[in-house]
Amino acid sequence: MKNSVVMATYNGAKYIIEQLDSIKNQTMRPDEVIISDDGSTDDTLKIVKNYIAKNHLSGWKVTNNKRKKGFFNNFFNALGFATGDIIYLADQDDVWNLNKIETFTKKYIECLDVIMIQSNVRFIDENGEKLNSREIYHNKTSKNDFTELSTRDMCKFAGSGYTMSFRKSVLDVIFKNKLDTQEKLFKFHDIVIGLMSAATGCCLLSMDIVDSHRLHNDNATLSIKKKSWADRTKDIQLDILRRRKEYFSILSKYCTNENKKKYFKKCSLFAALRNKYINKFSFDLFLQLLKNNDFYANRLGIVTDTFYSLNQEKLLLRVFKFF
């Protein structure tokens with residue numbers, strides 16, 4: 001079973017060596033590592049090339065985009081070069097558990113129906129110190145080494161790309177149907193990869209493999225998280241729901257059984273219902289949303305939608321700034 005690691009880089013010089021070390025020093029080394037740089041203006045590209053040469057790393061390849069593509073297209077650019085049976089996504093400033101690939105490979109061989117495995121995650125700061133975060137990844141706690149991520153779990157939150165590994169069959173379907181070109185629809189590469197995995201196979205979360213994800217002012221996760229809360233206007237929320245309605249409908253076509261297909265279609269209909277409610281308050285719509293409250297990613301979803309529906313956007317944005 002051939003393993004590929006795919007990394008998209010951009011101005012990651014400060015932390016990238018630590019991540020490269022954690023990939024190189026795996027107890028089961030990857031067969032290939034694909035690194036796509038998106039026109040870094042710091043020494044990222046130089047550091048990566050020197051690292052490969054110094055350590056005589058065969059199978060490690062670097063590509064440099066002539067024009068800046070953004071992280072969605074940069075990841076899919078790198079994925080286009082991957083030839084492994086199992087593909088691992090890597091962020092430039094994280095640190096992997098050294099037995100990650102070995103542990104996941106054994107599981108993929110053992111369970112042929114498993115199409116995606118995500119790592120558990122801890123958050124670290126700029127100095128590599130663990131942050132006291134209350135977040136539990138996928139809201140999962142388990143004493144088992146692996147726990148299943150249901151269709152419901154994945155549709156609520158497809159997962160973070162930096163934790164993802166998946167069979168190449170997922171990527172083949174995405175490329176065949178040109179979903180890799182749909183940045184405006186999906187916005188994030190991990191949404192299309194995670195949901196396609198949920199549509200076509202079994203997804204697991206590894207509780208024992210806990211990768212360290214670094215949060216700092218320059219990384220995408222923190223900046224996106226800040227923006228998604230602080231700038232979540234009514235128009236932005238409506239656009240998110242419009243896209244959810246569309247992409248759940250599209251992805252339902254690739255579901256491997258009728259139960260999954262029905263659930264994806266329900267997610268699409270629920271997004272449309274939320275959109276209608278936000279556009280114009282209705283007590284009847286409120287009751288319909290309340291009845292289907294389980295489709296929200298969290299329990300406060302209906303409260304947020306109601307604020308938008310009552311045109312209390314400014315008050316809601318003030319509340320968001322406290323988080």
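Buried means under 20% relative accessible area, exposed means over 50%, and partly exposed is what lies in between (1.4 Å probe, protein chains only). Helices (H or I, at least four residues) and strands (E, at least two) are DSSP runs, numbered from the N terminus.

This is a predicted model, so local features need pLDDT of at least 70 and side-chain atom pairs count only at pLDDT 80 or more, while totals for chains, interfaces and linings use all residues. Residues are numbered from 1 along each chain as its sequence is written, and side-chain values use heavy atoms, with hydrogens and water left out.

**View 1. Strand β1 is mostly covered.**
Seven of the seven residues of β1 are buried. In a regular strand the side chains alternate between the two faces of the sheet. Here Asn 3, Val 5, Met 7 and Thr 9 point one way from β1, while Ser 4, Val 6 and Ala 8 point the other way. Now for the partners: two strands pair if DSSP finds at least two bridges between them. β1 runs parallel to β4, joined by five bridges, and Asn 3 stands opposite Ile 86 in β4. With β2, β1 pairs in the parallel sense over six bridges; there, Ser 4 has Glu 32 as its bridge partner.

**View 2. Strand β7 has antiparallel partners in β4 and β5.**
Look along β7 (residues 164-167): Met 164 and Phe 166 go one way, Ser 165 and Arg 167 go the other, and all are buried. Three bridges join β7 to β4 (residues 86-90), and the two run antiparallel. Across that pairing, Ile 86 faces Arg 167 of β7. β5 (residues 114-124) also runs antiparallel to β7, again through three bridges. In this case Met 116 has Phe 166 in β7 as its bridge partner.

**View 3. Helix α2 keeps its buried residues on one face.**
Which residues of α2 (residues 44-54) are buried? They are Thr 44, Leu 45, Val 48, Tyr 51 and Ile 52. Seen down the axis of α2, these fall within an arc of 130 degrees (taken from the directions from the helix axis to the C-beta atoms), so they line one face of the helix. Just after α2, His 56 takes a positive phi of about 50 degrees.

**View 4. Helix α1 has buried residues with several elements over them.**
In α1, the buried residues are Ile 16, Gln 19, Leu 20, Ser 22, Ile 23 and Lys 24. What covers them includes β1, β2, α2, β3 and β4.

**View 5. Aromatic rings pair up in this structure.**
Rings of Phe, Tyr and Trp (its six-membered ring) pair if their centres lie within 6.5 Å; planes under 30 degrees apart count as stacked, over 60 as edge-to-face and the rest as tilted. A search of the whole structure finds 17 aromatic pairs. One of them joins Tyr 51 and Trp 60: their centres are 6.1 Å apart and their planes at 35 degrees, so the pair is tilted. Tyr 88 and Trp 96 form a tilted pair too, at 6.0 Å centre to centre with 50 degrees between the planes. Tyr 88 is buried at 0% relative accessibility, and Trp 96 is buried with a relative accessible area of 4%. Along with Phe 104 and Phe 146, Tyr 88 and Trp 96 make up one aromatic cluster. Trp 96 also has a charge over its ring, the charged end of Lys 100, 4.0 Å from the ring centre. That label needs NZ of Lys or CZ of Arg within 6 Å of the ring centre and within 35 degrees of the ring normal.

**View 6. Asn 65 sits in the loop between β3 and α3 (71-79).**
Is Asn 65 buried or exposed? Asn 65 is buried, with a relative accessible area of 7%. Its side chain makes a polar contact of 2.9 Å with the side chain of Asp 38. A polar contact is a pair of N or O atoms within 3.5 Å; within protein, one must be able to donate a hydrogen and the other to accept it, and residues adjacent in sequence count only if both atoms are side-chain atoms. Not counting residues up to four places away in sequence, Asn 65 touches Ser 36, Asp 37, Asp 38, Gly 39, Asn 74 and Asn 77.

Notes: Contact = heavy atoms within 4.5 Å.
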